[in-house]
Amino acid sequence: MATMVEPQGMLAYTRLLSAVFGHLGVDARPLLSLATVLRGSGGNIPLEQALSVPREVLLAWSFRQTPRVRAAVLIAWKTASRWGDVQNLSRACFPLISNTEIVVDWNTLPKGRRGNPFCRSKVVAIRGPLTREIAELLRGLGNFQQLCPLSTDQFSRLLGADNATKLYSAHSVKRGAIDHLMSLKAAGAPFALQLISRLAKHTNDADPTVANMTVRYTSDPVALARVLQTGDVTMYL
């Protein structure tokens with residue numbers, strides 16, 4: 001009886017064989033092509049989700065880090081972002097920095113680092129708690145200086161090195177932010193439910209907002225961020 005192997009397992013085996021082939025001097029291009037197919041079939045999606053990190057645990061941990069790591073952590077939390085979304089940001093990606101509102105524009109990243117360009121979810125307004133702290137941290141950043149040079153793996157290892165956060169990984173931040181918002185919404189928070197998906201950058205064609213093509217013709221990211229109302233939900237993070 002044949003055993004079914006999930007795409008995640010097949011991708012892991014393919015990567016391992018590719019590395020072995022490389023050491024042996026064997027042509028690994030067929031395996032690399034297979035890996036591309038497997039990634040498109042969901043091979044990069046983990047079978048088990050990361051644990052959701054509570055807000056108070058993450059914030060307490062962030063105080064023990066360097067200013068740049070703390071800034072990246074707070075931005076990842078406030079924008080419900082993956083670590084890979086925030087590590088390449090520079091001050092040039094923030095068209096507005098004030099003590100009461102910050103706008104993040106991922107569309108200003110170099111091509112190849114911004115994923116789906118002109119996506120409405122790529123412009124976010126940060127408001128409410130932690131905004132002043134993030135603004136102060138960002139003001140010390142050079143205009144084109146990378147926000148935080150840590151890779152996703154390095155950030156996960158940094159979390160794992162602390163007893164308070166050793167059970168969490170890089171993806172725990174985004175999951176924690178989404179769980180936090182879901183709990184508040186279930187308790188009656190007045191923000192619109194679709195704002196959670198919009199903030200989390202989850203594509204939703206049914207989202208009744210400005211079309212992505214319209215975003216391409218919008219030259220004012222601050223106005224766009226306010227129209228998209230993400231500030232209404234980041235106030236709760």
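Visitor: Why does arginine 70 count as buried?

Guide: The model is a predicted one. Arginine 70 has 8% relative accessibility, and buried means under 20%, so arginine 70 counts as buried.

Visitor: What makes the pair of arginine 70 and glutamate 133 a salt bridge?

Guide: The closest N and O atoms of arginine 70 and glutamate 133 are 2.3 Å apart. The criterion asks for a side-chain nitrogen of Lys or Arg within 4 Å of a carboxyl oxygen of Asp or Glu, and the pair therefore forms a salt bridge. Arginine 70 lies in helix α4 (residues 67-78) and glutamate 133 in helix α6 (residues 131-138), so the bridge ties together parts that are 63 residues apart in sequence.

Visitor: Is glutamate 133 buried or partly exposed, and on what grounds?

Guide: Glutamate 133 has 29% relative accessibility. Partly exposed covers values between the 20% limit for buried and the 50% limit for exposed, so glutamate 133 counts as partly exposed.

Visitor: Which ring does the charged end of arginine 70 sit over, and how do you know?

Guide: The charged end of arginine 70 sits over the ring of phenylalanine 63, at 3.7 Å from its centre. The distance limit is 6 Å, with a further condition of 35 degrees from the ring normal. Lysine 185 is likewise described: its charged end sits over the ring of phenylalanine 191, 5.6 Å from the centre.

Visitor: How many salt bridges are there, and which residues are linked in a network?

Guide: The count comes to 7 salt bridges. A network of them links Glu101, Arg127, Arg226 and Asp232. Within it, the side chains of arginine 127 and aspartate 232 meet at 3.7 Å, N to O. Arginine 127 lies in strand β3 (residues 123-127) and aspartate 232 in helix α12 (residues 231-234), so this pair ties together parts that are 105 residues apart in sequence.

Visitor: What makes arginine 82 and aspartate 85 a salt bridge, and is each of them buried or partly exposed?

Guide: Their side chains meet at 3.0 Å, N to O, and the limit is 4 Å. Arginine 82, with a relative accessible area of 41%, is partly exposed, whereas aspartate 85, at 10%, is buried.

Visitor: Why is the pair of tryptophan 83 and phenylalanine 155 called stacked?

Guide: The search of the whole structure finds 3 aromatic pairs. In this one the ring centres are 3.8 Å apart and the planes stand at 10°, so the pair is stacked. The limits are 6.5 Å for the centres and under 30 degrees for stacked planes. The pair links distant parts of the chain, with tryptophan 83 in helix α5 (residues 83-86) and phenylalanine 155 in helix α7 (residues 152-160), 72 residues apart.

Conventions
Residues are numbered from 1 along each chain as its sequence is written. This is a predicted model: local features need pLDDT of at least 70, side-chain atom pairs count only at pLDDT 80 or more; totals for chains, interfaces and linings use all residues. Side-chain values use heavy atoms; hydrogens and water are left out. Rings of Phe, Tyr and Trp (its six-membered ring) pair if their centres lie within 6.5 Å; planes under 30 degrees apart count as stacked, over 60 as edge-to-face and the rest as tilted. Helices (H or I, at least four residues) and strands (E, at least two) are DSSP runs, numbered from the N terminus. Buried means under 20% relative accessible area, exposed over 50%, partly exposed in between (1.4 Å probe, protein chains only).
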